[in-house]
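This briefing goes through one protein model, topic by topic. Please keep the sequence and the structure in view while reading.

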Amino acid sequence: MTNIANEKGGDVVAEVDHHDHVTTPNEKSSHAVPQGDAHVTFKVWIVVCIMSWGYGLSFIPVPLFAAVGTEIATDLGNAGDSAWFIPAWIISITTAFMIAGSNTDMLGRRWFLITGQVVCFVGHLITGLAKSNAQIIAGMTIEGFGAALCQMAAFALPELLPNKWRAIGVVLADFAVYLCITVIPVTARYGYFVGDWRANFYSAAGLQALSAAGLYFFYYPPAHPLGIPFRTAFKQLDYLGMLLFTAGAVPVMVGIVYTASVPASDPKVLGTLIAGFIILVLFGVWETFGHARHPLTPPAIFRKGRGRDFTAPCIALAIINMFYYSSSIIWPTMINAFYTAGGQPWERAAVLSLPQGLAITGGAIGLTFLGPLIKHYHWQQTASVTMMVVFGSLLALATPTNMGLMCTFVVLSLFGYGWAIYLSIAFTQLGVDQENLGISGERLEIKDAGVRDQGRRGGRVSASQIPDLLMLLATPKELASQFGESVAGAVGLAQQLAIAHGIKLIALTSLGFGCIGIVACLCCQNIDSRMDNTIEVFLENDEFADRNKFH
């Protein structure tokens, strides 16, 4: 048992048992003072900085491989393998976040966050030391699992601050992410074309280790947030729900990734999608009618406020996140395919990558400083999501020659995203009771027409040569040396036209989902009344430990 003393007067204000005893509300110290006198202490600000740092470091693989993933995969043997780099991370983080989120409400946040830092440390090293694409995919899978735990900071950090700072708290949790999405595309390109791209992962591993140590020494939230002893909590975990969700979600996401490289009618796509969705239906039935003591997705929270408190914000949040991932693919693709020669010169590609991160940062800063002045958070969210959807959908107009217009649309769309995403997270967090906060956190073909046209431009390619030509699409210089400049030029134009068509389809598809997101925002309950001075959780090794309901 660990006694944590209050420095004022030397009294013991809380007893934290790391085994089975749980301090109940009636066992709180008799000298507790009213909630209104509480404030954010220096130690809390230290923890806030450490959490934000660890959160950002866990995100490094995504912008890095979005920038130079194809080049790295080509060097390691197969450019096509890059299609699995980021999806491996996304599949892993989605699954792990769903499983871990609600369980932190019973088992406490501390060890989930520390474990996440350690797992990311290991994942960074595996990816940095990888000698094959398969090893990179394995490393990204590990990093995704660790990132899911690190990103519990999105709700573990804001709960340490007053509710009126809830959206700002999410911005602070993501502060290192801003640096990551702004700086890493530059260091990734510099590392690949000038230095060593692996250095990004070695540096991240070292800093992630420091973050793990910082949380170990300073971060002591309540060990039993619901007042349930560990032995009882482990017996009451929703093991069947975790199994069903994993068995259903992974095949569905794998099937979606397959559609990027094989026809949708392929048995691999149909088999994974059908099997996955069937299991996910079983998961939903279990969560609704299975009578689990602590289900991963309690039906009651979705019905709260007729769906306006939590369900509508969840739908909006999911669509806002979708727009980020589409933009993080569309803009780097345009840079590599339209505005540079496959990322060369790298200096130009690096400069063109900056607007993406700066726009998101600008939106977050706008919310931080102007949001509390404007208030009317419900309308702030609707307006920012509308801005994101309108200008994000206008990327459908992309051509190889309208860089200025596309850059403007990207900046405006991602500015709206930066404002909307953190406000939307605040909506989902304030839409549930504090004891369910972890549950709210769960819810984060190139065509050959141009090749056939090359005969009119001075080059000829026989049908038997097309497979060899397709193997060289990612290496323009080798393509030109083997087939000639005219063929390479025709192929390059065909690629650009195919990419522009693909971008158009993505953007227009996003528009449909975006309209649903706007409607979801309009359905959200206003949260102005919840933005008060209440602090939901205090550190057990700090002066206000006695304010916690459970310890």
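The expected span of a helix is 1.5 Å times one less than its number of residues. By that rule the 19 residues of H4 should span 27 Å, and the end C-alpha atoms of H4 are 27 Å apart, so the two values agree. The model is a predicted one. The protein has 22 helices and two strands, and 54% of its 551 residues count as buried.

**Overall surface and core**

- The largest nonpolar core has 132 residues, and the members that touch the most other members are Met51, Phe65, Tyr219 and Met334.
- Leaving aside residues up to four places away in sequence, tyrosine 219 touches Val47, Met51, Arg109, Arg110, Leu113, Ala156, Glu159, Leu160, Gly214 and Leu539.

**Helix H4**

- H4 covers residues 110-128.
- Its buried residues include Arg110, Phe112, Leu113, Ile114, Gly116 and Gln117.
- Also among the buried residues of H4 are Val119, Cys120, Gly123, His124, Thr127 and Gly128.
- These buried residues pack against helices H1 (42-57), H2 (61-75), H3, H5 (133-150), H6 and H9 (199-218).

**Salt bridges**

- The structure contains three salt bridges.
- One of them pairs arginine 109 with aspartate 105, with 2.9 Å between the closest N and O atoms.
- Both arginine 109 and aspartate 105 are buried.
- Arginine 109 also forms a salt bridge with glutamate 159, at 3.0 Å from N to O.
- This pair of arginine 109 and glutamate 159 connects distant parts of the chain, 50 residues apart.
- Arginine 109 sits in the loop between helix H3 (85-107) and helix H4 (110-128), and glutamate 159 in the loop between helix H6 (153-156) and helix H7 (166-173).
- Arginine 109 has a relative accessible area of 4%, so it counts as buried.
- Glutamate 159 is buried as well, because its relative accessible area is 2%.
- Through shared partners, salt bridges join Asp105, Arg109 and Glu159 into one network.
- A further salt bridge is formed by the side chains of arginine 547 and aspartate 546, at 3.8 Å from N to O.
- Arginine 547 and aspartate 546 are both buried.

**Helix H15 and the residue after it**

- H15 spans residues 346-374, 29 residues in total.
- The distance from its first C-alpha to its last is 41 Å, close to the expected 42 Å.
- H15 bends by about 40° at threonine 368, and proline 372 follows within four residues.
- Lysine 375 comes after H15 and is in the loop between H15 and helix H16 (377-393).
- The phi of lysine 375 is positive, near 55°, although the residue is not a glycine.
- Lysine 375 counts as partly exposed because its relative accessibility is 46%.

- Most residues other than glycine have a negative phi.
- Arginine 306, which is not a glycine, has a positive phi of about 55°.
- Arginine 306 is placed in the loop between helix H13 (299-303) and helix H14 (311-339).
- With 83% relative accessibility, arginine 306 counts as exposed.

**Serine 52**

- Serine 52 is a residue of helix H1.
- The relative accessible area of serine 52 is 5%, so this residue counts as buried.
- Serine 52 and alanine 153 are separated by 101 residues in sequence, while their C-alpha atoms are 7.2 Å apart.
- Not counting residues up to four places away in sequence, serine 52 is in contact with Leu157, Leu172, Ala173, Asp174, Phe175 and Ala176.

**Phenylalanine 538**

- Phenylalanine 538 belongs to the segment after helix H22 (485-523).
- Buried means under 20% relative accessible area, and phenylalanine 538 counts as buried at 5% relative accessibility.
- Phenylalanine 538 and asparagine 548 are 10 residues apart along the chain, with 6.2 Å between their C-alpha atoms.

Key
Residues are numbered from 1 along each chain as its sequence is written. This is a predicted model: local features need pLDDT of at least 70, side-chain atom pairs count only at pLDDT 80 or more; totals for chains, interfaces and linings use all residues. Side-chain values use heavy atoms; hydrogens and water are left out. A salt bridge is a side-chain nitrogen of Lys or Arg within 4 Å of a carboxyl oxygen of Asp or Glu. Buried means under 20% relative accessible area, exposed over 50%, partly exposed in between (1.4 Å probe, protein chains only). The bend at a residue is the angle between axes fitted to the seven residues ending there and the seven starting there. A nonpolar core is a set of buried Ala, Val, Leu, Ile, Met, Phe, Trp, Tyr and Cys residues joined through side-chain atoms within 4.5 Å. Contact means heavy atoms within 4.5 Å.
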